[in-house]
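Look over the sequence and the model before reading on.

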Amino acid sequence: MFSSLFPLVIVALLGYVALRSHYVSAQTIGDLSKITFSLLFPLFLFINIAQADLSGIISYSVFLTFYAVVISTFIITTLLAPRLFKIQSAGSAVFALGSTYSNTIIVGLPVLISLLSPSVAALVFLIISFHSAVLFGATSIFSSFATGNSFQFRRFCKGLLKNPLLIGIYSGLMVNMLGIDVPGFIASTLHLITQGALALALFILGANLYQYRLAGNYQQIISATIIKLIVLPLAVLLVARLGFHLSDEITLILVVLTACPTGVNAYIVACQQNSGQSLVAGTVILSTLMSVVTIPLWIYVLQTHLFS
């Protein structure tokens, strides 16, 4: 476990140190982010999903376990946030997003590939294919109700269609389901271009931790982090084992995906909603730092105490 996770932490740490020591500039990180998440990662997602063997690797129980728990936790957190965490109604959905939206691609995918094997990527892609769309849509709908504004479905769909990562996922799924064979020379080119996508994403994640600031209501940030790193994966574990009796490997995958820190895209949504920006930014930082400890703990507990 240590040998699998240590390289990922070091790459992210290098990004943090590189920006803090001014070895690279914030402008350089911004340019790298644009290239990585607008080009390299979408191509990485596309070619890996397009060529993956998706036959029989997932069942409805896996989707139900993941999305039922994530959506239920989001709704409960949204409804209870004003009373329990002193969040204004207009910002409760953004708080819930910060508490449930996982950094599945930048953190979860590398961890699972290192821990299991590259073949697990296909299953991960399928599980998270609707992750952003569901939580971003729910945040927009609940925020609209709280503020009295109408939910602009057309604008929301337009935003999703412009998301490069979602374009990569859905176009890869379409090619795979239609049985279209990607020519060998194109596949080889895409694999070569995207070889460093995961490492770059982790490097940028580390650099972003330096750019964000842990400011705002610390009690709310800590509460969101606890929900994200402990409550959500625990709920998934209980449903996976007691509800659907899923296999050890599938349970591990689902727990790791939900135990990931809050994704940076949650901050973008908070900015769009003009609510809870500092809260979400703080949750991204704290949950990312704490996940270095909590993710290995989850893996250790699962492998040594729960799995036969």
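## Cysteines

Cys271 is partly exposed, with a relative accessible area of 36%. Cys260 is buried, at 0% relative accessibility. Buried means under 20% relative accessible area, exposed over 50%, and partly exposed in between (1.4 Å probe, protein chains only).

A search of the whole structure finds 0 disulfides. A disulfide here is a pair of cysteine sulfur atoms within 2.5 Å.

## Basis of the model

This is a predicted model, where local features need pLDDT of at least 70, side-chain atom pairs count only at pLDDT 80 or more, and totals for chains, interfaces and linings use all residues. Residues are numbered from 1 along each chain as its sequence is written, and side-chain values use heavy atoms, leaving out hydrogens and water.

## H12 and H15

Helix H12 spans residues 218–243, and helix H15 spans residues 277–306. Helices are DSSP runs (H or I, at least four residues), numbered from the N terminus. The two axes lie 8 Å apart, at an angle of about 35 degrees. Axes are lines fitted to C-alpha atoms over the stretch in contact, and angles run from 0 to 180 degrees between N-to-C directions.

The contact (heavy atoms within 4.5 Å) includes Leu229 and Arg241 of H12 and Met290 and Trp298 of H15.

## H5 and H13

Helix H5 (residues 104–115) and helix H13 (residues 248–259) cross at roughly 145 degrees. Their axes come within 9 Å. Thr104, Gly108, Val111, Leu112 and Leu115 of H5 meet Leu252, Ile253, Val256 and Leu257 of H13.

Conventions: Helix = DSSP H or I, 4+ residues; strand = E, 2+ residues; numbered from the N terminus.
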